[in-house]
Amino acid sequence: MSRKSFCSSLRLTLLTALVAPGLVAPDLAFAAHKHGKPAPAHKAAVEAPVVRVPTPYVAIDVDSGRVIAERNATRAWYPASVTKLMTVYVALEAVKSGRLTLDTPLVVSARAASMKPSKMGFAPGTQVTLGNALKMLMVKSANDLAVTIAEGVSGSVEAFANEMNASARALGMQESHFVNPNGLHDPNHYSSARDMAVLGRALLLRHPDHADLFNIGAFRLGEQIVPTHNGLIGRYPGADGMKTGFTCPAGFNLVASASRSGRRVIVVVFGDTSARLRTAHAADLLNQAFASSAANGTVADLPSVGGTPPNMQGIACGGRSKAAQLAAESEDFAAPIAAEGEAAVSGAAIAALPRPTYEPVDLFVGPAPGYQGPVAGPRPVDTPIGAIAYSAPLAAAAATAISHHAASAPKPAARGHKAVAPKAAAVKVASAKKDAKAKPSAAKPKHKAAAH
């Protein structure tokens, strides 16, 4: 065999090994002690050493909850931004119970504005409706808006984390403990592939009217277009959500859903070493799931392994600069693949496709036109939404759209759509002003910037 032929053969062998199901990424071992109660927030968890063993994944049938395929699905893992699925769940439960509506404006606090990227970069005092915030959260994975949602729904990040953990227990999520609404790294913030499949299924079954939150290809804010990080949307036949996640300790995570011939499947992959590999892995699992029957037990019946989450830092981010780590969450993908019903396309082929052209959803900053209801923001525990008076933010602050982290987003293609300029925020809450006069001590609470 010639040297050239040998090199070509070696490259093909390595590529096949990378994308084949079961060999997609190095997994990491950690202490396998029996999972107990979550460590208290003041006591840092000990992170386990990294060795090369298989990373977790699971595929389930949504209707039945039965497992189609899984590996290490109950190992504790850092979820990164797939955490935001729980943030959406708690927010939608609050809407369902009547605590607020999707039109309720949320106030961006200094604490929210201090979050690390990815973020929208809105100035403190800016208002954004809950509905718009949830869409920006799912597409941009905005860490600042995750805090804005948490403070708007529960009054503080800490109170919202309590609601996240209560919801996790109610849903039967056995390996999860949350300390923040965005998934920025904390040793005491962890989950599992199984738990995220349980959560994804709950979102689709309990809130079917809001399933469109998870399959937005792009949104437009002013003159900026922000595309999704989910490499399956627009490329895998039937892909319809849900959420990606990436931090160096977590690696590249994905919760993905797809529908075909009346059947819906969720797959979860944790700990892959690049965005492209994550997409290929998930696509191959979806192919496997649609070609198989869900003949195993339910996802809730998988035995809990627990343990301590491993830290993927050296594998996922070794040698990458801070800028490269931020850019690593975005794939270079870009053209729709074959329509549903055609032969299955391999994960490697899908991951190599260019970016699709998405029809952006138009969003805006500020209250909805004519809105006269309460405004939600940081407040003391057990204080009703809208009971705290907020001074009207400067128009310039309210018009602050996307930070420099999104400044490089592609310009919209000519589609006959007129760009929507951000609307200036205004606060008119009569009951809040009355309450503020009656209780002078109920001033806007001050928050220190959160450290992560």
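**The disulfide and the sheet beside it**

Modeller: Cysteine 248 and cysteine 317 are both buried, where buried means under 20% relative accessible area, exposed means over 50%, and partly exposed lies in between (1.4 Å probe, protein chains only). The model is predicted, with local features needing pLDDT of at least 70 and side-chain atom pairs counting only at pLDDT 80 or more, while totals for chains, interfaces and linings use all residues. Residues are numbered from 1 along each chain as its sequence is written, and side-chain values use heavy atoms, without hydrogens and water.

The two cysteines form a disulfide, with their sulfur atoms 2.0 Å apart; the term covers a pair of cysteine sulfur atoms within 2.5 Å. A search of the whole structure finds 1 disulfide. The torsion about the S-S bond of cysteine 248 and cysteine 317 is about -90°, so this disulfide is left-handed. Cysteine 248 sits in the loop between β9 and β10, and cysteine 317 in helix α9 (residues 313–317), so the pair ties together parts that are 69 residues apart in sequence. Helices (H or I, at least four residues) and strands (E, at least two) are DSSP runs, numbered from the N terminus.

Two strands count as paired if DSSP finds at least two bridges between them. Strands of a sheet pair through backbone hydrogen bonds, either parallel or antiparallel.

Leucine 254 has valine 269 of β11 as its bridge partner, and valine 255 has valine 268. The hairpin of β10 and β11 has 2 residues between the strands, and serine 261 there takes a positive phi near 50°.

Strand β11 also pairs with strand β3 (residues 57–61), again in the antiparallel sense, over 5 bridges. Here valine 58 stands opposite valine 268. β11 is mostly covered, with 9 of its 10 residues buried.

The chain has 13 helices and 12 strands, and buried residues make up 54% of its 452 residues. Among contacts (heavy atoms within 4.5 Å) with a separation of 6 or more, 75% join residues 24 or more positions apart.

Two other places can be compared by eye. Isoleucine 225 lies in strand β8 (residues 224–227) and counts as buried because its relative accessibility is 9%. Its C-alpha atom is 7.2 Å from that of proline 360, although isoleucine 225 and proline 360 are 135 residues apart along the chain. Helix α4 (residues 130–140) packs against helix α5 (residues 143–154) at an angle of about 145°, with the axes 9 Å apart. Leu130, Ala133, Leu134, Met136 and Leu137 in α4 meet Leu145, Ala146 and Ile149 in α5.

Conventions:
Axes fitted to C-alpha atoms, helices over the stretch in contact; angles between N-to-C directions.
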